[in-house]
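Dear colleague,

I am handing over the structure below, and my notes on what was found in it follow. Please read them with the coordinates open beside you.

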Amino acid sequence: TRVLMARIKYLIEQGVNPRKILCCTFTNKAAEEILDRLDFDPKDINVPRVSTIHGLALSAIRKDPKGFGLNEKISPLDEYGQKDLIKSIIEKFNLTETVKYWNILEKIQYHRARGLGFARDYTEEVHKKALKAHGGYHAFTPDEVEVWRQYEIEKTKQSLVDFDDMLHLVVDRGNTDSKWARLLHNVYEHVLMDESQDTNTVQWTFINLLLGPNNKNLFVVGGISQSIYGFA
């Protein structure tokens, strides 16, 4: 945090517009601490953007929900909501004997953290790799894939986004909508990241969407010995 604050102050002293500086933190608490310690006037709108990666992605989705295939008003779906929704789908399709909500949710989160965006991306090739890794623990059965697919359908109907959606929806649009991606490239001139050792595949892809041909100013802080993915 101290290093990031020093970097932000340095950039501003060098004449960089504060609103062109983005600082990504790991928690909301860290974001609040950085803004507080930078001591900007609360009334000043010309300040750096300090946010978690998920908060930044959610903000992008809320600015244009229809551009992401969602309704006008979206709602975040927390872990309890995820469990309830998946449970209801399992019961609706009479799969209580073959599919367990906690198991499928763990599998979905595992694959999405490693770059797999949606049920459609769980191909036969991915399945074969999953069968070889960790004794096949994270491999989906056909019933589980169908539950995942129905889970996505229900979220879209209800305009819900879970934490993984926040990142994957932005990354997916960035990869398929070149005009929108170009706009994203030019929002910030400097991108700073805290706790970069804990950045997973999709988070790293998201951060790189904020950079562009004319903007490669990425500054990261982290310690590889502290990585939460070290034993994955």
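**Helix packing, sheet and cores**

In this model, which is predicted, the axes of helix 1 (residues 2–13) and helix 2 (residues 28–38) come within 11 Å and cross at roughly 50°. Because angles of 65 to 115 degrees would count as roughly perpendicular and those under 35 as roughly parallel, helix 1 is therefore oblique to helix 2. The crossing in which helix 1 passes helix 2 is right-handed, and the contact is made by Leu4, Met5, Ile8 and Lys9 on the side of helix 1, with Ile34, Arg37 and Leu38 contributed by helix 2.

Turning to the strands, four of them form an open sheet with the order 2-1-5-6 and parallel pairing. Its edges are strand 2 (49–52) and strand 6 (218–220), each of which pairs on one side only, and neighbouring strands of the sheet are turned by 20° against each other on average, with direction ignored. Strand 1 is joined to strand 2 by four bridges, the two running parallel, and Thr25 stands opposite Thr52 in strand 2.

Helices also lie against these strands. Helix 3 lies across strand 1 and strand 2 and runs at about 105° to strand 2, whereas helix 10 packs on the sheet by touching strand 1, strand 5 and strand 6, its direction making about 160° with that of strand 5.

Which residues touch the most other members of the largest nonpolar core? Among the 29 residues of that core, they are Val170, Phe206, Ile207 and Leu210. The elements that supply two or more residues to this core are strand 1 (21–25), helix 3 (53–63), helix 8 (163–176), helix 9 (178–185), strand 5 (190–193) and helix 10 (201–209), and helix 3 gives the most, with six residues. Leaving aside residues up to four places away in sequence, Leu210 touches Leu22, Leu56, Leu184, His185, Tyr188, Val191 and Asn215. There is also a second, separate core of 20 residues, which includes Ile89, Val99, Ala130 and Trp148.

With best regards

Note on methods: Residues numbered from 1 in each chain as written. Predicted model: local features only at pLDDT ≥ 70, side-chain atom pairs only at ≥ 80, totals over all residues. Heavy atoms only, no water. Core = buried A, V, L, I, M, F, W, Y, C linked by side-chain atoms within 4.5 Å. Buried < 20%, exposed > 50% of the residue type's maximum accessible area, 1.4 Å probe, protein only. Contact = heavy atoms within 4.5 Å. Pairing = 2+ DSSP bridges. Axes fitted to C-alpha atoms, helices over the stretch in contact; angles between N-to-C directions. Parallel < 35°, antiparallel > 145°, perpendicular 65-115°, else oblique. Left-handed = near helix turned anticlockwise from the far one by under 90°.
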